[in-house]
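Open the model in your viewer and keep the sequence panel beside it. The tour goes from one selection to the next.

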Amino acid sequence: MTESIFRDAPYQRENEASFEGVDERGIRLDRTVFYPRGGGQAGDAGSILLADGAAIAVADTVKGEGGAILHVPAPGQEAQLARLATGSPVTARIDWERRHRHMRFHTATHLLCAIVPHPTNGCSITRDYARLDFDMVEPLDKAHLEAELARLVAEAHDVRTVWITDEELDAKPELVRTMSVQPPRGVGRVRLLEIDGVDLQACGGTHVANTREIGALKVVKIEKKSARARRVVLEFA
Ligand SMILES: [Zn+2]
């Protein structure tokens, strides 16, 4: 199991780590700042720096078995990979510009969930856009969504992670009602993402610390995907 530094420290850009191995799926380290693709959020890219100064380019990050995080090397780096011995010290460094866009877009999708009071059934967060699918039949108004997003960004709401136990969740039914998704039960505790006064829901992704950091957004598309699905696509303005 890889130690996930991004979970508690989403702003950390690099970390010292120990190389544990590589196979056709990717490079394993003992700990990493790289977020593996999941929950709709794209995996991180970046580089793994060797002690001698050489760098291995990482094109993507995915989840492996048993809690492993796999750093997918860009093609054509077999020679550098062959030089890595188990236990070698390395530095894992994410492409921060890309990750920060993921964090801003991801936090923006939480705002959109708060503005549109319907369940979501699909989400994609990338460097260039965020896409959210709502299960609803009503039409959505682009100007209204943009105005509400701009208001919530300008209001500068704090964003924080809250861990609660299954028992605490059971004891607070009003908490569940404010969530658009029922959190997973049975693992003992649940990770919630709280945007102060705006949104509260179970989430394992990376987010910015305050909504003002999202910046200006535009709704580039509202699409009727089916009788019961409305897709909203956001970009940075
Ligand atoms: Zn989230």
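What is the geometry of the site of the zinc ion, judged from the angles among its four donor atoms? The model is a predicted one. The angles run from 101 to 124°, and the site is tetrahedral.

**Stop 1: the zinc ion**

Select the zinc ion together with H106, H110, C203 and H207. The coordinating atoms are NE2 of H106, NE2 of H110, SG of C203 and NE2 of H207, at 2.0 to 2.1 Å. In the sequence panel, these donors follow the spacing H-x3-H-x92-C-x3-H. H106 sits in helix α3, while C203 lies in the loop between β13 (199-202) and β14; the pair is 97 residues apart and links distant parts of the chain. H106 and C203 are both buried.

**Stop 2: Q41**

Q41 belongs to the loop between β4 (31-32) and β5 (46-50). Its relative accessibility is 1%, so Q41 counts as buried, the cut-off being under 20%. Now show the residues around Q41: leaving aside those up to four places away in sequence, Q41 touches Y35, H102, H106, I125, G205 and T206.

**Stop 3: helix α4**

Select residues 142-154, which form helix α4. Colour L145, L149, L152 and V153, which are buried. Look down the axis of α4: the buried residues fall within an arc of 100°, so they line one face of the helix. In general, an α-helix has 3.6 residues a turn, so residues three or four places apart point the same way.

What do the buried residues of α4 pack against? Show α3 (96-115), β14 (217-226) and β15 (229-236), which are their packing partners. Then turn to the other side of α4, where A143 and A154 are exposed.

**Stop 4: A156**

Move on from the end of α4 to A156, which follows the helix. A156 is placed in the loop between α4 and β11 (159-165). Check its backbone: phi is near 55°, a positive value in a residue other than glycine. A156 is partly exposed, its relative accessible area being 25%.

Terms used: Residues are numbered from 1 along each chain as its sequence is written. This is a predicted model: local features need pLDDT of at least 70, side-chain atom pairs count only at pLDDT 80 or more; totals for chains, interfaces and linings use all residues. Side-chain values use heavy atoms; hydrogens and water are left out. Helices (H or I, at least four residues) and strands (E, at least two) are DSSP runs, numbered from the N terminus. The expected span of a helix is 1.5 Å times one less than its number of residues. Buried means under 20% relative accessible area, exposed over 50%, partly exposed in between (1.4 Å probe, protein chains only). The arc is that of the directions from the helix axis to the C-beta atoms. Contact means heavy atoms within 4.5 Å. Donors are N, O and S atoms within 2.8 Å of the metal (3.2 Å for Na, K and Ca); water is not among the atoms, so sites may look incomplete. Four donors count as tetrahedral if all angles lie between 85 and 135 degrees; four count as square planar and six as octahedral if opposite donors are over 155 degrees apart and all others between 65 and 115; anything else is irregular.
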